[in-house]
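Keep the structure in view while reading.

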Amino acid sequence: MKHKLLFLTIVAASSTIVNAADVKISVDTKSGAKKYSPYLFGRNTSDIPFQPGKTLDPAFETQLKESGIKFVRLNNGNNATKFNYQKKLTCHPDWYSNIYDCDWDMSSKVMNESFPGIQGMYSFQLCGYVAASKAYNFNDWEFNQSQWGEWCSWPLCGGGEVIDLAAKEYKAGDTSLYLEEWTTDQTTDILTYWKDELKRDMSQFIYWNMDNEPEMWSWTHKDVHPDFDPEFYVQQYVKAALAAKEKFPDIKLCGPVAGSEWTWYATSGTSKGHQFPIWEGKQMPWLQYFIMRIGQEQKKHGVKLLDVLDIHYYPSGEKGEEVSLQSHRTYFDRTYDNPEANGLYTLNGGWDTNIKKEYILGRCDDWMKEYIGEDHGVTFSVSEYNISSSYEPITHAISYISHVGELMKNNGEFFTPWSWYPGMWEAIHLMGRYSQEYYVPSKSTDVNMVESYVTVNKDNSEATLLIVNRSLNDEANVELTVSGMEIADGDCKTLSLANLPKSETFVSHTENALVEGDATVSKGVVKTSLPAKSIKAVLLKSAAASVESVAAREDAIVYPTVSGGEFFAKSAEGIHSIDIIGANGVHSESVVGNGNDFVAFDIAGKGSYIVKVNGKKNTTVTKVVVR
């Protein structure tokens with residue numbers, strides 16, 4: 001007997017965008033796949049109310065848990081340099097060097113109990129001093145009702161006085177009244193204290209900053225370091241690194257936490273201006289000096305002293321939004337002329353504006369290969385980044401994704417913007433929740449404006465093609481050619497962000513600004529469009545990924561595997577039903593057969609399909625193609 005199963009013909013919808021740029025993107029999902037760090041989906045959390053007597057805002061807690069965030073930097077930047085974990089005090093370098101309460105014990109407890117899936121990063125104190133007493137704080141209210149201004153950076157804690165505000169004259173306070181000396185062994189004792197006494201789960205605190213922006217201490221912590229000494233920091237670093245590795249072998253040391261585009265090259269000095277480290281009579285950029293000295297010390301001690309090369313990046317935004325949306329290229333792009341570069345011109349010690357290409361992390365990679373070795377094993381991170389608050393939320397979202405994507409491509413470890421604006425939660429949610437675990441390179445015919453970040457799962461059955469359109473004015477018609485994965489013809493799901501309002505839109509995984517849609521798939525080519533300044537994720541599944549995982553058996557056969565539309569199935573145990581799965585879903589029909597019979601069925605519509613032949617006890621899965 002012969003049964004006919006008619007599968008509905010697939011009709012591909014098409015759309016045309018008028019006056020749009022045509023961009024072609026290609027990717028082979030089986031070529032160059034590499035696992036990237038999930039900790040790239042991160043942020044600083046200096047605004048989280050972790051201080052004594054405060055509780056977490058429920059809405060914020062939901063955002064943190066449901067956004068897909070994987071990494072938070074908890075050390076408060078420059079405020080970490082003089083943190084005293086024993087007295088739970090720290091120093092505010094931007095507020096008269098006054099001392100205030102700071103409790104990392106509590107924040108680490110909250111992380112363990114409420115956010116076990118998120119990695120938290122703290123910091124070691126290497127300047128030689130920590131906060132000791134709040135008794136000698138400068139009375140900012142009596143001075144000028146706590147108004148903000150440049151005077152707030154004056155070190156007036158400890159009995160300091162303002163002599164002439166207009167002339168910027170003041171008497172600095174006595175540091176012995178509010179600070180105490182602190183050794184590198186003391187600073188690393190927090191590791192054993194947390195592990196042994198507080199019973200913290202230290203697997204959640206693997207990463208530690210080696211202080212913060214040390215080359216700017218002469219500005220931020222001038223009360224104890226009026227002139228920064230690069231070798232002092234290196235020696236402090238090495239002693240702390242050796243102690244930390246002994247106490248906590250799994251630790252990841254992140255340094256030197258360089259502060260800005262200027263100080264990637266020159267250190268900042270209040271009395272001597274910008275300075276360059278000198279070694280054996282040779283002047284060199286600060287990051288080169290640091291890498292060279294760490295390489296020397298690493299060979300001397302036989303211990304890896306640097307796990308993550310960490311920098312900060314604060315592009316000014318003065319060149320406009322279009323330039324800001326290209327700032328991610330500053331890290332590794334050896335063809336990019338950074339319009340906001342300044343420190344770069346001091347690369348060779350003078351001032352040479354003919355030096356055009358920045359690629360700062362690329363340079364660091366070159367230096368590490370020179371001083372540490374080709375297989376140095378050091379990854380890269382940006383633990384502070386800021387974009388102008390004047391930009392629209394969609395710009396913040398595109399910038400976030402662009403920076404994460406650039407680090408994803410180039411052995412990035414974590415990314416934690418300092419300022420957090422509307423649009424960033426939406427970006428981290430789209431990227432963190434919908435990306436797969438392996439990054440795959442892709443090519444774009446207009447990569448600077450329309451770029452894709454492609455990720456696939458372990459068995460190459462699912463892919464997320466995250467596309468950004470950085471153009472301020474032009475929408476884009478995008479044609480994605482996908483190889484390495486068999487995709488059924490029809491429509492696939494998309495998720496988009498565009499025209500975000502100024503107020504925060506991300507509430508949770510189910511309440512946010514993502515707009516669902518679809519894109520057309522035909523013979524491995526996906527066609528879609530993106531408005532100017534927008535983001536779209538194209539979610540793809542291989543034809544086989546649409547069915548449950550079932551081991552193929554010899555009990556049934558389907559033939560031929562390629563035909564004009566008519567197929568036959570036969571099973572030794574009889575066939576109960578056949579499921580035909582394509583882009584439009586599943587067509588299933590019960591049939592009656594026995595071991596001597598076969599079932600014939602038609603599929604109308606070209607493309608790839610999965611056929612499940614369901615017998616009495618077993619199911620056989622076969623792919624067929626209609627041409």
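**Core, rings and charges**

In this predicted model, Ile-535 is in contact with a set of residues beyond its neighbours within four places in sequence: Ile-394, Ala-397, Ile-398, Ile-401, Leu-430, Leu-466, Ile-467, Val-468, Leu-495, Ser-496, Leu-497 and Leu-530. Ile-535 belongs to the largest nonpolar core, which has 127 residues. Together with Phe-124, Tyr-237, Leu-309, Ile-311 and Tyr-331, Ile-535 touches the most other members of that core. Helix 10, residues 393–409, gives the most to this core, with eight residues. Another core lies apart from it and holds 24 residues, including Val-23, Val-450, Val-482 and Val-526. In soluble globular proteins, nonpolar side chains tend to be buried together.

The chain as a whole has 627 residues, and 58% of them are buried. Its secondary structure consists of eleven helices and 36 strands. Of the contacts between residues at least 6 apart in sequence, 73% join residues at least 24 apart. The accessible surface is about 26000 Å², and carbon and sulfur atoms account for 47% of that area.

Aromatic rings come next. The whole structure contains 45 aromatic pairs. One of them joins Tyr-122 and Phe-205: the ring centres are 5.7 Å apart and the planes meet at 65 degrees, so this pair is edge-to-face. Tyr-122 belongs to strand 8 (residues 119–124), while Phe-205 is in the loop between helix 4 (184–197) and strand 13 (207–210), so the pair ties together parts 83 residues apart in sequence. Tyr-122 has a relative accessible area of 0% and is therefore buried. Phe-205, at 0% relative accessibility, also counts as buried.

Tyr-313 and Tyr-331 form another edge-to-face pair, with 5.8 Å from centre to centre and 70 degrees between the planes. Tyr-313 is in strand 17 (residues 308–313) and Tyr-331 in the loop between helix 8 (321–324) and helix 9 (360–371), 18 residues apart. Both tyrosines, Tyr-313 and Tyr-331, are buried. They also belong to one aromatic cluster whose members include Phe-60, Trp-264, Tyr-385 and Trp-420.

Rings also meet charges here. The charged end of Lys-65 sits over the ring of Phe-115, 5.6 Å from its centre. Arg-363 lies over the face of Tyr-359, at 4.2 Å from the ring centre.

Side chains of opposite charge can pair when their charged atoms come close. The count of salt bridges in this structure is 25. In one of them, Asp-189 pairs with Lys-247, the closest N and O atoms being 2.7 Å apart. Asp-189 is in helix 4 and Lys-247 in helix 6 (residues 230–247), so this bridge ties together parts 58 residues apart in sequence. At 26% relative accessibility, Asp-189 counts as partly exposed.

Glu-321 and Lys-533 form a salt bridge too, with 2.7 Å between the closest N and O atoms. This pair links distant parts of the chain: Glu-321 is in helix 8 and Lys-533 in the loop between strand 27 (525–530) and strand 28 (534–541), 212 residues apart. Both Glu-321 and Lys-533 are buried. Arg-329 and Asp-333 meet in a further salt bridge, at 2.9 Å from N to O, and Arg-329 counts as buried at 12% relative accessibility. Elsewhere, Glu-406, Lys-409, Glu-451 and Arg-470 are linked in a network of salt bridges.

Terms used. Residues are numbered from 1 along each chain as its sequence is written. This is a predicted model: local features need pLDDT of at least 70, side-chain atom pairs count only at pLDDT 80 or more; totals for chains, interfaces and linings use all residues. Side-chain values use heavy atoms; hydrogens and water are left out. A nonpolar core is a set of buried Ala, Val, Leu, Ile, Met, Phe, Trp, Tyr and Cys residues joined through side-chain atoms within 4.5 Å. Buried means under 20% relative accessible area, exposed over 50%, partly exposed in between (1.4 Å probe, protein chains only). Helices (H or I, at least four residues) and strands (E, at least two) are DSSP runs, numbered from the N terminus. Contact means heavy atoms within 4.5 Å. Accessible areas come from the Shrake-Rupley method with a 1.4 Å probe; for residues, only the protein chains shown count as cover. Rings of Phe, Tyr and Trp (its six-membered ring) pair if their centres lie within 6.5 Å; planes under 30 degrees apart count as stacked, over 60 as edge-to-face and the rest as tilted. A charge sits over a ring if NZ of Lys or CZ of Arg is within 6 Å of the ring centre and within 35 degrees of the ring normal. A salt bridge is a side-chain nitrogen of Lys or Arg within 4 Å of a carboxyl oxygen of Asp or Glu.
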